[in-house]
Amino acid sequence: MSSLPDLRGYAGRYPEVRWPDGARVAVSFVLNVEEGAQFALSYGDERNESVHEVKRDLAGAPDLNMLSHFAYGARVGYWRVTDLLHAAGVPLTLNVCGRALEAAPWVGEDAHARGFEITAHGWRWEAHAGMDEATERAVIARTTATIERHWGRRPQGWHTRASASANTRRLLVEAGYTFDSDTYDDDCPHYVDVGGRPHLVLPYAFDTNDMRFFDSHAFVQAEDFARYVCAAFDTLWEEGADAPRMMTVGLHSRIIGRPARIGGLKTIVQHMQARGGAWFARRGEIAEHWRQHCPSA
């Protein structure tokens, strides 16, 4: 995986790919399932996670406060988010950490029952940058096996928290992954070279993401999130008349699943459905459509 980005990209000349039924934007809702995979002395990790509703580093003792904030996402937020999207008929991709799935195996059962896709989000909620190759290969294998055991299928997509390593893509391809989302560089899928062969990337997004509720200068009210995401969708909808566009809405059970924030997600879905022109799809479906209609050169 190159440490230098491709700054040219499509150079404004996007492939002539159309989404199903003439949709202008392929919209991917991704719910990150991380509860139980965060760093915690209580789990035998070397430190406690410091980012939740507040930012605090507690060293030398279990952080029971932090653990309960994450637990809310699994106990309450997950159901609030998934029930809303499922009732609206919106397909969902669950981006799941392996250890989180071990802690809450019912997530795999629910995904199977309701037709949710599961992609891999690492074993722990951690960056892979700096991992040695043997450790990273083992992490990928353990995560893959855990998802397959609890969901009944091997995941096809991967997304690393924060930064991947220089080896991540090569190891993912070796492990049988067909796409990853370890980039934030476009509004459209694209191919990268991995060992002389094309590998598909579906870009992710940090701006149309509920994690910005934890930034003091970003989202505070549910309306802040809804207005921003709807504005992004409207721009991509306009551009989608002439070129394919993809949009990711990143969600977290413990964040958007709170009572005062969930209304923002409802507003977003209603706005997109009312305007039309959105193809709501799981990431694997988007990847498959792109391969069929835009095979690598």
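These legends walk through several close-up views of a predicted model.

**View 1. R124 and D45 meet in a salt bridge.**
Start with the side chains of R124 and D45, where the N to O distance is 2.9 Å. Are R124 and D45 buried or exposed? R124 has a relative accessible area of 16%, so it counts as buried. D45 is buried too, with a relative accessible area of 8%.

**View 2. D45 and R124 belong to a network of salt bridges.**
Now look around that pair: D45, E46, R99, R124 and E126 are linked in a network of salt bridges. For the whole model, the count comes to 24 salt bridges.

**View 3. E133 forms salt bridges with R137 and with R170.**
Follow the side chain of E133 to R137, and you'll find their closest N and O atoms 3.0 Å apart. Why are R137 and E133 about one helical turn apart? Because they are separated by 4 residues in helix 4. In general, an α-helix has 3.6 residues a turn, so residues three or four places apart point the same way. R137 is partly exposed, at 37% relative accessibility, and E133 is partly exposed as well, at 29%.

Next, follow E133 to R170, where the salt bridge has an N to O distance of 3.0 Å. E133 lies in helix 4 and R170 lies in helix 5 (residues 168-174), so this pair ties together parts that are 37 residues apart in sequence. R170 is partly exposed, with a relative accessible area of 31%.

**View 4. A11 and D21 have positive phi values.**
Here's a bit of backbone to check out. Most residues other than glycine have a negative phi. A11 is not a glycine, yet its phi is positive, near 50°. D21 isn't a glycine either, and its phi is about 60°. Where do you find them? A11 is in the segment before strand 1, and D21 is also in the segment before strand 1. A11 is partly exposed, at 42% relative accessibility, whereas D21 is exposed, at 84%.

**View 5. Strand 8 is largely enclosed by the rest of the structure.**
How many residues of strand 8 (residues 245-252) are buried? The count is 8 of the 8, so the strand is largely enclosed by the rest of the structure. In a regular strand the side chains alternate between the two faces of the sheet. Both faces of strand 8 are covered: R245, M247, V249 and L251 are buried on one side, and M246, T248, G250 and H252 are buried on the other.

**View 6. Strand 1 runs parallel to strand 8.**
How many bridges join strand 1 to strand 8? There are 8 of them. To find your place in the pairing, look for F29, which stands opposite V249 in strand 8. V249 is also one of the buried residues of strand 8.

**View 7. Helix 6 and helix 8 cross at roughly 25°.**
Pick out helix 6 (residues 222-239) and helix 8 (residues 262-275), whose axes come within 8 Å. With that crossing angle, helix 6 is roughly parallel to helix 8. As for handedness, the crossing of helix 6 and helix 8 is right-handed.

**View 8. Helix 9 has its buried residues along one face.**
Which residues of helix 9 (residues 283-293) are buried? They are R283, I286, A287, H289 and W290. Look down the axis of helix 9 and these buried residues fall within an arc of 165°, so they line one face of the helix.

**View 9. F280 and A134 are separated by 37 Å.**
Finish with F280, which you'll find in strand 9 (residues 278-280). F280 is buried, at 16% relative accessibility. The 37 Å separation is between the C-alpha atoms of F280 and A134, which are 146 residues apart along the chain.

Note on methods:
Residues are numbered from 1 along each chain as its sequence is written. This is a predicted model: local features need pLDDT of at least 70, side-chain atom pairs count only at pLDDT 80 or more; totals for chains, interfaces and linings use all residues. Side-chain values use heavy atoms; hydrogens and water are left out. A salt bridge is a side-chain nitrogen of Lys or Arg within 4 Å of a carboxyl oxygen of Asp or Glu. Buried means under 20% relative accessible area, exposed over 50%, partly exposed in between (1.4 Å probe, protein chains only). Helices (H or I, at least four residues) and strands (E, at least two) are DSSP runs, numbered from the N terminus. The arc is that of the directions from the helix axis to the C-beta atoms. Two strands pair if DSSP finds at least two bridges between them. Axes are lines fitted to C-alpha atoms, for helices over the stretch in contact, and angles run from 0 to 180 degrees between N-to-C directions. Angles under 35 degrees count as roughly parallel, over 145 as roughly antiparallel, 65 to 115 as roughly perpendicular and the rest as oblique. A crossing is left-handed if the near helix is turned anticlockwise from the far one by less than a right angle, and right-handed if clockwise.
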